[in-house]
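Here is a short report on one protein chain. The sequence and the model come first, then the notes.

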Amino acid sequence: MLTSYAAHFDTPAGYLDFARFGPPSRDAVDATARALAESARADHTTVDGLMRAEVTARETAARLAGTDAGNTVLLPNASTGLFHAALGIREGTVLVPRTDFPANHYPWRRTAGLGRVTPRWLDPEPGGGVTPELVRAALTEDVVALSVSAVDFRTGFRADLAGLREAIGPDRLLVVDAIQAFGAAELPWDAADVVVAGGQKWLRAGWATGFATLSDRALETLEPVLTGWTGVAEVGLFDGEEHPPVPDAGRWSVTNLSPVTAAAFAAALDLVERHTVGAIEAAVAERIGELAEVVREYGGRVLSPTDPARRAGILSFTLPDRDPALVAKALHAEGVTPTVRADSLRFSPHASTPPEVGDRVAAALSALGD
(Lines give C-alpha, C1' and ligand atoms only; values in the text may rest on other atoms or scores of the structure.)
Protein backbone atom coordinates (compact mmCIF):
# COMPACT_ATOMS: atom_id res chain seq x y z
CA MET A 1 0.00 0.00 0.00
CA LEU A 2 1.35 3.41 -1.01
CA THR A 3 0.27 5.26 2.14
CA SER A 4 0.91 8.81 0.93
CA TYR A 5 -1.11 8.09 -2.22
CA ALA A 6 -3.88 6.22 -0.41
CA ALA A 7 -4.44 9.21 1.90
CA HIS A 8 -6.14 11.04 -1.00
CA PHE A 9 -8.96 8.48 -1.37
CA ASP A 10 -12.07 7.32 0.45
CA THR A 11 -12.48 4.06 -1.50
CA PRO A 12 -13.58 1.07 0.65
CA ALA A 13 -10.78 -1.36 1.50
CA GLY A 14 -12.44 -4.26 -0.34
CA TYR A 15 -12.88 -2.48 -3.67
CA LEU A 16 -11.05 -4.59 -6.30
CA ASP A 17 -12.65 -3.38 -9.52
CA PHE A 18 -10.31 -0.65 -10.76
CA ALA A 19 -10.08 -2.28 -14.19
CA ARG A 20 -13.76 -1.39 -14.55
CA PHE A 21 -13.86 1.95 -12.75
CA GLY A 22 -11.41 3.75 -10.48
CA PRO A 23 -13.16 5.80 -7.80
CA PRO A 24 -11.65 9.30 -7.96
CA SER A 25 -9.61 11.02 -5.28
CA ARG A 26 -10.85 13.82 -3.06
CA ASP A 27 -8.54 16.03 -5.14
CA ALA A 28 -10.50 15.24 -8.31
CA VAL A 29 -13.85 15.57 -6.55
CA ASP A 30 -12.87 18.93 -5.08
CA ALA A 31 -11.57 20.17 -8.43
CA THR A 32 -14.90 19.22 -10.01
CA ALA A 33 -16.87 21.00 -7.31
CA ARG A 34 -14.74 24.15 -7.57
CA ALA A 35 -15.04 24.31 -11.35
CA LEU A 36 -18.78 23.76 -11.24
CA ALA A 37 -19.20 26.36 -8.51
CA GLU A 38 -17.19 28.88 -10.52
CA SER A 39 -19.33 28.18 -13.57
CA ALA A 40 -22.45 28.95 -11.52
CA ARG A 41 -21.06 32.44 -10.75
CA ALA A 42 -20.01 33.16 -14.34
CA ASP A 43 -18.75 36.56 -15.42
CA HIS A 44 -16.62 37.79 -18.31
CA THR A 45 -13.52 35.91 -17.00
CA THR A 46 -15.10 32.55 -16.11
CA VAL A 47 -15.00 30.50 -19.33
CA ASP A 48 -11.43 31.42 -20.26
CA GLY A 49 -10.31 30.78 -16.70
CA LEU A 50 -11.93 27.36 -16.48
CA MET A 51 -10.49 26.29 -19.82
CA ARG A 52 -6.93 26.65 -18.49
CA ALA A 53 -7.44 23.27 -16.83
CA GLU A 54 -7.34 21.65 -20.27
CA VAL A 55 -3.87 23.06 -20.91
CA THR A 56 -2.65 21.81 -17.53
CA ALA A 57 -4.10 18.33 -18.05
CA ARG A 58 -2.69 18.06 -21.57
CA GLU A 59 0.81 19.04 -20.44
CA THR A 60 0.78 16.57 -17.53
CA ALA A 61 -0.53 13.73 -19.70
CA ALA A 62 2.21 14.47 -22.22
CA ARG A 63 4.92 14.27 -19.56
CA LEU A 64 3.57 10.98 -18.22
CA ALA A 65 3.53 9.59 -21.78
CA GLY A 66 7.06 10.79 -22.48
CA THR A 67 6.08 13.23 -25.20
CA ASP A 68 5.16 16.92 -25.49
CA ALA A 69 1.92 18.88 -25.44
CA GLY A 70 1.99 19.43 -29.18
CA ASN A 71 1.72 15.66 -29.69
CA THR A 72 -1.07 15.31 -27.11
CA VAL A 73 -4.79 16.04 -27.23
CA LEU A 74 -7.48 15.64 -24.60
CA LEU A 75 -10.45 13.47 -25.56
CA PRO A 76 -13.66 12.50 -23.77
CA ASN A 77 -12.83 8.78 -23.89
CA ALA A 78 -10.54 6.17 -25.43
CA SER A 79 -13.04 5.13 -28.09
CA THR A 80 -13.00 8.59 -29.66
CA GLY A 81 -9.26 8.28 -30.13
CA LEU A 82 -9.53 4.82 -31.65
CA PHE A 83 -12.11 6.04 -34.16
CA HIS A 84 -9.87 8.96 -35.07
CA ALA A 85 -7.03 6.52 -35.73
CA ALA A 86 -9.15 4.03 -37.69
CA LEU A 87 -10.76 6.64 -39.92
CA GLY A 88 -7.40 8.29 -40.49
CA ILE A 89 -5.91 5.27 -42.28
CA ARG A 90 -6.51 5.59 -46.01
CA GLU A 91 -6.32 1.91 -46.93
CA GLY A 92 -4.67 -1.37 -46.09
CA THR A 93 -4.89 -4.20 -43.56
CA VAL A 94 -4.79 -3.65 -39.81
CA LEU A 95 -3.94 -6.43 -37.38
CA VAL A 96 -6.40 -6.53 -34.46
CA PRO A 97 -6.60 -9.11 -31.63
CA ARG A 98 -9.91 -10.94 -31.58
CA THR A 99 -9.57 -11.15 -27.78
CA ASP A 100 -9.36 -7.38 -27.27
CA PHE A 101 -12.10 -5.38 -25.59
CA PRO A 102 -14.83 -4.51 -28.13
CA ALA A 103 -13.86 -0.82 -28.05
CA ASN A 104 -10.80 -1.87 -30.03
CA HIS A 105 -12.92 -3.80 -32.55
CA TYR A 106 -15.66 -1.48 -33.71
CA PRO A 107 -13.51 1.32 -35.13
CA TRP A 108 -11.93 -1.19 -37.51
CA ARG A 109 -15.25 -2.88 -38.29
CA ARG A 110 -16.79 0.48 -39.18
CA THR A 111 -13.91 1.58 -41.38
CA ALA A 112 -14.02 -1.82 -43.09
CA GLY A 113 -17.65 -1.09 -43.88
CA LEU A 114 -16.53 2.11 -45.57
CA GLY A 115 -14.12 0.17 -47.76
CA ARG A 116 -11.03 1.85 -46.30
CA VAL A 117 -9.46 -0.72 -43.98
CA THR A 118 -9.49 -4.50 -43.74
CA PRO A 119 -9.11 -5.88 -40.21
CA ARG A 120 -7.16 -9.13 -39.88
CA TRP A 121 -8.03 -10.82 -36.62
CA LEU A 122 -5.26 -12.24 -34.45
CA ASP A 123 -5.96 -15.19 -32.14
CA PRO A 124 -3.60 -15.30 -29.14
CA GLU A 125 -3.19 -18.50 -27.17
CA PRO A 126 -5.69 -18.87 -24.29
CA GLY A 127 -4.45 -16.91 -21.31
CA GLY A 128 -1.83 -15.24 -23.43
CA GLY A 129 -1.73 -12.06 -25.42
CA VAL A 130 -0.42 -10.48 -28.58
CA THR A 131 3.25 -11.33 -28.89
CA PRO A 132 5.86 -10.22 -31.43
CA GLU A 133 5.96 -13.81 -32.73
CA LEU A 134 2.20 -13.86 -33.35
CA VAL A 135 2.40 -10.54 -35.17
CA ARG A 136 5.36 -11.57 -37.35
CA ALA A 137 3.47 -14.67 -38.46
CA ALA A 138 0.54 -12.50 -39.59
CA LEU A 139 2.52 -9.83 -41.41
CA THR A 140 2.06 -9.38 -45.15
CA GLU A 141 2.92 -6.51 -47.45
CA ASP A 142 -0.58 -5.02 -47.21
CA VAL A 143 -0.45 -4.63 -43.40
CA VAL A 144 -0.23 -0.95 -42.53
CA ALA A 145 -0.90 -1.00 -38.77
CA LEU A 146 -1.25 -3.05 -35.61
CA SER A 147 -3.88 -2.11 -33.03
CA VAL A 148 -3.42 -3.63 -29.59
CA SER A 149 -4.22 -3.14 -25.92
CA ALA A 150 -1.26 -2.34 -23.70
CA VAL A 151 -2.78 -4.58 -21.01
CA ASP A 152 -5.40 -7.24 -21.74
CA PHE A 153 -8.68 -6.52 -19.95
CA ARG A 154 -9.34 -10.21 -19.23
CA THR A 155 -6.02 -11.45 -17.88
CA GLY A 156 -3.78 -8.44 -17.36
CA PHE A 157 -1.31 -9.70 -20.00
CA ARG A 158 1.19 -6.89 -20.57
CA ALA A 159 2.07 -6.30 -24.21
CA ASP A 160 5.71 -6.03 -25.19
CA LEU A 161 5.34 -2.69 -26.96
CA ALA A 162 9.02 -2.42 -27.85
CA GLY A 163 8.98 -5.97 -29.24
CA LEU A 164 5.81 -5.26 -31.21
CA ARG A 165 7.37 -2.14 -32.68
CA GLU A 166 10.39 -4.16 -33.76
CA ALA A 167 8.13 -6.84 -35.24
CA ILE A 168 6.12 -4.48 -37.45
CA GLY A 169 9.07 -2.30 -38.42
CA PRO A 170 9.40 1.48 -38.58
CA ASP A 171 6.94 2.15 -41.40
CA ARG A 172 3.77 0.60 -40.00
CA LEU A 173 1.65 2.30 -37.36
CA LEU A 174 1.35 0.93 -33.83
CA VAL A 175 -1.98 1.97 -32.26
CA VAL A 176 -2.22 1.27 -28.52
CA ASP A 177 -5.27 1.30 -26.27
CA ALA A 178 -3.69 2.18 -22.93
CA ILE A 179 -6.81 2.38 -20.78
CA GLN A 180 -5.88 -0.68 -18.67
CA ALA A 181 -2.32 0.51 -18.11
CA PHE A 182 -1.76 4.23 -18.17
CA GLY A 183 -1.01 5.63 -14.75
CA ALA A 184 -0.50 2.23 -13.12
CA ALA A 185 2.08 0.50 -15.34
CA GLU A 186 5.30 1.79 -16.85
CA LEU A 187 5.52 0.92 -20.54
CA PRO A 188 7.58 2.36 -23.40
CA TRP A 189 4.82 4.58 -24.79
CA ASP A 190 7.23 6.11 -27.28
CA ALA A 191 7.23 2.80 -29.15
CA ALA A 192 3.65 3.54 -30.24
CA ASP A 193 2.43 5.97 -32.88
CA VAL A 194 -0.96 6.44 -31.24
CA VAL A 195 -1.66 6.01 -27.52
CA VAL A 196 -5.24 6.49 -26.31
CA ALA A 197 -6.59 6.21 -22.77
CA GLY A 198 -9.69 7.07 -20.80
CA GLY A 199 -9.25 8.52 -17.34
CA GLN A 200 -12.04 6.67 -15.55
CA LYS A 201 -10.09 3.53 -14.66
CA TRP A 202 -6.51 3.51 -13.34
CA LEU A 203 -6.08 7.28 -13.59
CA ARG A 204 -9.09 7.71 -11.29
CA ALA A 205 -10.28 10.94 -12.92
CA GLY A 206 -13.94 10.06 -13.44
CA TRP A 207 -15.88 9.60 -16.65
CA ALA A 208 -15.60 11.82 -19.74
CA THR A 209 -11.84 12.23 -19.34
CA GLY A 210 -9.07 10.93 -21.58
CA PHE A 211 -6.33 11.80 -24.03
CA ALA A 212 -4.33 10.63 -27.03
CA THR A 213 -0.73 11.07 -28.07
CA LEU A 214 0.34 11.02 -31.72
CA SER A 215 3.86 10.46 -33.01
CA ASP A 216 5.21 12.66 -35.78
CA ARG A 217 4.70 9.66 -38.10
CA ALA A 218 1.03 9.47 -37.12
CA LEU A 219 0.56 13.20 -37.69
CA GLU A 220 2.08 12.84 -41.14
CA THR A 221 0.16 9.75 -42.28
CA LEU A 222 -3.26 9.78 -40.57
CA GLU A 223 -5.98 11.81 -42.27
CA PRO A 224 -7.78 14.18 -39.85
CA VAL A 225 -11.20 12.90 -40.86
CA LEU A 226 -13.02 13.88 -37.65
CA THR A 227 -11.40 17.28 -37.14
CA GLY A 228 -14.01 19.69 -35.79
CA TRP A 229 -14.15 23.46 -35.53
CA THR A 230 -11.81 23.48 -32.50
CA GLY A 231 -9.10 21.52 -34.36
CA VAL A 232 -8.45 24.00 -37.15
CA ALA A 233 -6.24 27.04 -37.70
CA GLU A 234 -7.58 30.46 -36.74
CA VAL A 235 -10.22 28.84 -34.59
CA GLY A 236 -11.61 32.20 -33.53
CA LEU A 237 -12.15 33.50 -37.06
CA PHE A 238 -15.77 32.85 -38.02
CA ASP A 239 -15.62 33.75 -41.70
CA GLY A 240 -17.74 30.97 -43.19
CA GLU A 241 -14.68 29.36 -44.83
CA GLU A 242 -13.14 25.93 -44.23
CA HIS A 243 -9.94 26.26 -42.23
CA PRO A 244 -7.10 23.70 -42.45
CA PRO A 245 -6.48 21.35 -39.51
CA VAL A 246 -3.79 22.50 -37.11
CA PRO A 247 -0.46 20.70 -37.66
CA ASP A 248 -0.22 19.14 -34.20
CA ALA A 249 -2.34 16.65 -32.24
CA GLY A 250 -4.94 19.34 -31.70
CA ARG A 251 -6.37 18.32 -35.07
CA TRP A 252 -8.11 15.47 -33.25
CA SER A 253 -10.26 17.99 -31.39
CA VAL A 254 -13.91 17.87 -32.46
CA THR A 255 -15.35 20.52 -30.15
CA ASN A 256 -14.68 22.08 -26.77
CA LEU A 257 -14.51 19.63 -23.90
CA SER A 258 -16.04 20.20 -20.48
CA PRO A 259 -13.71 22.40 -18.42
CA VAL A 260 -15.24 20.77 -15.35
CA THR A 261 -14.05 17.29 -16.32
CA ALA A 262 -10.75 18.79 -17.48
CA ALA A 263 -10.25 20.14 -13.96
CA ALA A 264 -10.85 16.68 -12.51
CA PHE A 265 -8.48 15.15 -15.05
CA ALA A 266 -5.75 17.67 -14.26
CA ALA A 267 -6.04 16.90 -10.53
CA ALA A 268 -5.94 13.14 -11.12
CA LEU A 269 -2.92 13.32 -13.42
CA ASP A 270 -1.09 15.55 -10.96
CA LEU A 271 -1.60 12.96 -8.23
CA VAL A 272 -0.11 10.23 -10.43
CA GLU A 273 2.83 12.39 -11.44
CA ARG A 274 3.63 13.37 -7.85
CA HIS A 275 3.58 9.80 -6.53
CA THR A 276 5.12 8.35 -9.74
CA VAL A 277 3.87 5.54 -11.93
CA GLY A 278 6.73 3.33 -10.77
CA ALA A 279 5.70 3.51 -7.12
CA ILE A 280 2.03 2.98 -7.98
CA GLU A 281 2.88 -0.03 -10.16
CA ALA A 282 5.00 -1.61 -7.43
CA ALA A 283 2.19 -1.26 -4.88
CA VAL A 284 -0.35 -2.78 -7.27
CA ALA A 285 1.98 -5.68 -8.07
CA GLU A 286 2.41 -6.41 -4.37
CA ARG A 287 -1.35 -6.68 -3.85
CA ILE A 288 -1.74 -8.85 -6.95
CA GLY A 289 0.90 -11.26 -5.68
CA GLU A 290 -0.82 -11.56 -2.29
CA LEU A 291 -4.25 -12.08 -3.83
CA ALA A 292 -2.91 -14.74 -6.20
CA GLU A 293 -1.58 -16.68 -3.21
CA VAL A 294 -4.97 -16.54 -1.47
CA VAL A 295 -6.82 -17.67 -4.58
CA ARG A 296 -4.48 -20.64 -5.04
CA GLU A 297 -4.68 -21.54 -1.35
CA TYR A 298 -8.42 -22.08 -1.70
CA GLY A 299 -8.20 -24.12 -4.88
CA GLY A 300 -8.61 -21.34 -7.40
CA ARG A 301 -7.12 -21.46 -10.88
CA VAL A 302 -5.34 -18.26 -11.86
CA LEU A 303 -5.92 -17.31 -15.50
CA SER A 304 -3.53 -14.36 -15.56
CA PRO A 305 0.16 -14.74 -16.47
CA THR A 306 2.16 -16.19 -13.59
CA ASP A 307 5.26 -14.14 -14.45
CA PRO A 308 4.84 -10.74 -12.72
CA ALA A 309 6.78 -9.11 -15.58
CA ARG A 310 4.12 -10.24 -18.05
CA ARG A 311 1.05 -8.99 -16.17
CA ALA A 312 -0.17 -5.65 -14.89
CA GLY A 313 -2.93 -4.81 -12.46
CA ILE A 314 -5.34 -7.67 -13.16
CA LEU A 315 -5.80 -11.09 -11.57
CA SER A 316 -8.40 -13.28 -13.26
CA PHE A 317 -9.35 -16.64 -11.78
CA THR A 318 -11.92 -19.39 -11.49
CA LEU A 319 -12.89 -21.71 -8.67
CA PRO A 320 -13.47 -25.21 -10.06
CA ASP A 321 -17.08 -26.32 -9.80
CA ARG A 322 -18.15 -22.95 -8.41
CA ASP A 323 -20.49 -20.57 -10.22
CA PRO A 324 -18.74 -17.16 -10.43
CA ALA A 325 -21.98 -15.50 -9.37
CA LEU A 326 -22.04 -17.51 -6.14
CA VAL A 327 -18.37 -16.74 -5.49
CA ALA A 328 -19.13 -13.07 -6.03
CA LYS A 329 -21.99 -13.26 -3.54
CA ALA A 330 -19.59 -14.61 -0.90
CA LEU A 331 -17.08 -11.88 -1.70
CA HIS A 332 -19.75 -9.19 -1.48
CA ALA A 333 -20.68 -10.48 1.98
CA GLU A 334 -17.10 -9.69 3.06
CA GLY A 335 -17.20 -6.24 1.47
CA VAL A 336 -15.11 -7.24 -1.55
CA THR A 337 -15.98 -5.89 -5.00
CA PRO A 338 -14.65 -7.98 -7.93
CA THR A 339 -15.52 -7.93 -11.60
CA VAL A 340 -17.89 -10.83 -12.28
CA ARG A 341 -17.88 -12.58 -15.66
CA ALA A 342 -19.99 -15.53 -16.77
CA ASP A 343 -16.94 -17.83 -16.65
CA SER A 344 -14.52 -16.13 -14.24
CA LEU A 345 -13.84 -13.38 -11.73
CA ARG A 346 -11.35 -10.54 -11.86
CA PHE A 347 -9.52 -8.71 -9.07
CA SER A 348 -7.90 -5.39 -9.92
CA PRO A 349 -6.45 -3.61 -6.87
CA HIS A 350 -4.80 -0.19 -6.86
CA ALA A 351 -1.96 1.40 -4.93
CA SER A 352 -4.46 2.51 -2.28
CA THR A 353 -5.72 -1.04 -1.65
CA PRO A 354 -4.69 -2.13 1.89
CA PRO A 355 -3.16 -5.53 2.72
CA GLU A 356 -6.25 -6.48 4.76
CA VAL A 357 -8.16 -7.15 1.55
CA GLY A 358 -6.40 -10.52 1.36
CA ASP A 359 -7.98 -11.54 4.68
CA ARG A 360 -11.41 -10.53 3.38
CA VAL A 361 -10.96 -12.61 0.23
CA ALA A 362 -9.72 -15.57 2.29
CA ALA A 363 -12.76 -15.35 4.55
CA ALA A 364 -15.11 -15.30 1.57
CA LEU A 365 -13.47 -18.24 -0.20
CA SER A 366 -13.29 -20.20 3.07
CA ALA A 367 -17.02 -19.69 3.60
CA LEU A 368 -17.71 -21.35 0.26
CA GLY A 369 -16.36 -24.59 1.67
CA ASP A 370 -18.56 -24.57 4.75
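Ser-147 sits in strand β4, residues 143-149. Strands (E, at least two residues) and helices (H or I, at least four) are DSSP runs, numbered from the N terminus. The model is a predicted one: local features need pLDDT of at least 70, side-chain atom pairs count only at pLDDT 80 or more, and totals for chains, interfaces and linings use all residues. Residues are numbered from 1 along each chain as its sequence is written, and side-chain values use heavy atoms, with hydrogens and water left out.

Ser-147 has a relative accessible area of 1%, so it is buried. Buried means under 20% relative accessible area, exposed over 50%, and partly exposed in between (1.4 Å probe, protein chains only). The side chain of Ser-147 makes two kinds of listed pairing. Another, of 3.3 Å, joins the side chains of Ser-147 and Trp-108. A polar contact is a pair of N or O atoms within 3.5 Å; within protein, one must be able to donate a hydrogen and the other to accept it, and residues adjacent in sequence count only if both atoms are side-chain atoms.

Not counting residues up to four places away in sequence, Ser-147 touches Val-94, Leu-95, Val-96, Pro-97, Asp-100, Asn-104, Trp-108 and Val-175. Contact here means heavy atoms within 4.5 Å.

## Helix α12

Which residues of α12 are buried? In this helix (residues 324-333) they are Pro-324, Val-327, Ala-328, Ala-330 and Leu-331. Seen down the axis of α12, these buried residues fall within an arc of 160°, so they line one face. The arc is that of the directions from the helix axis to the C-beta atoms. An α-helix has 3.6 residues a turn, so residues three or four places apart point the same way.

The buried residues of α12 pack against β10 (339-340), β11 (345-347) and α13 (357-368). The face turned away from the buried side carries exposed Leu-326, Lys-329 and Ala-333. Asp-323 caps the N-terminal end of α12: a side-chain oxygen lies 2.9 Å from the backbone nitrogen of Ala-325. Gly-335 follows α12, and its phi is positive, near 80°.

## Salt bridges

A salt bridge is a side-chain nitrogen of Lys or Arg within 4 Å of a carboxyl oxygen of Asp or Glu. By this rule the count comes to 14. Asp-27 and Arg-274 form one of them, at 3.9 Å, N to O. This pair links distant parts of the chain: Asp-27 is in helix α2 and Arg-274 in helix α10, 247 residues apart. Asp-27 is partly exposed, at 21% relative accessibility. Arg-274 is partly exposed too, at 46%.

Arg-158 and Glu-281 meet in a salt bridge of 2.6 Å, N to O. This pair also links distant parts of the chain: Arg-158 is in the loop between β4 and α8 (161-168), Glu-281 in helix α11, 123 residues apart. Arg-158 is buried, at 13%. Glu-281 is buried, at 16%.

Arg-287 bridges to Glu-286, the closest N and O atoms being 3.8 Å apart. Arg-287 is buried, at 2% relative accessibility, whereas Glu-286 is partly exposed, at 42%. Salt bridges that share partners join Asp-27, Asp-270 and Arg-274 into one network.

## Loops with positive phi

Arg-204 lies in the loop between β6 (194-198) and β7 (210-214). Its phi is near 60°, a positive value in a residue other than glycine. Is Arg-204 buried or exposed? It counts as buried, because its relative accessibility is 1%.

Thr-276 is in the loop between α10 and α11 (277-297). Phi of Thr-276 is also positive, near 75°. Thr-276 is partly exposed, with a relative accessible area of 38%.

## Asp-10

Asp-10 is in the loop between α1 (3-6) and α2 (26-40). Asp-10 is exposed, with a relative accessible area of 59%. A polar contact of 2.6 Å joins its side chain to that of Arg-26. Asp-10 and Trp-202 are 192 residues apart in sequence and 15 Å apart in space, C-alpha to C-alpha.
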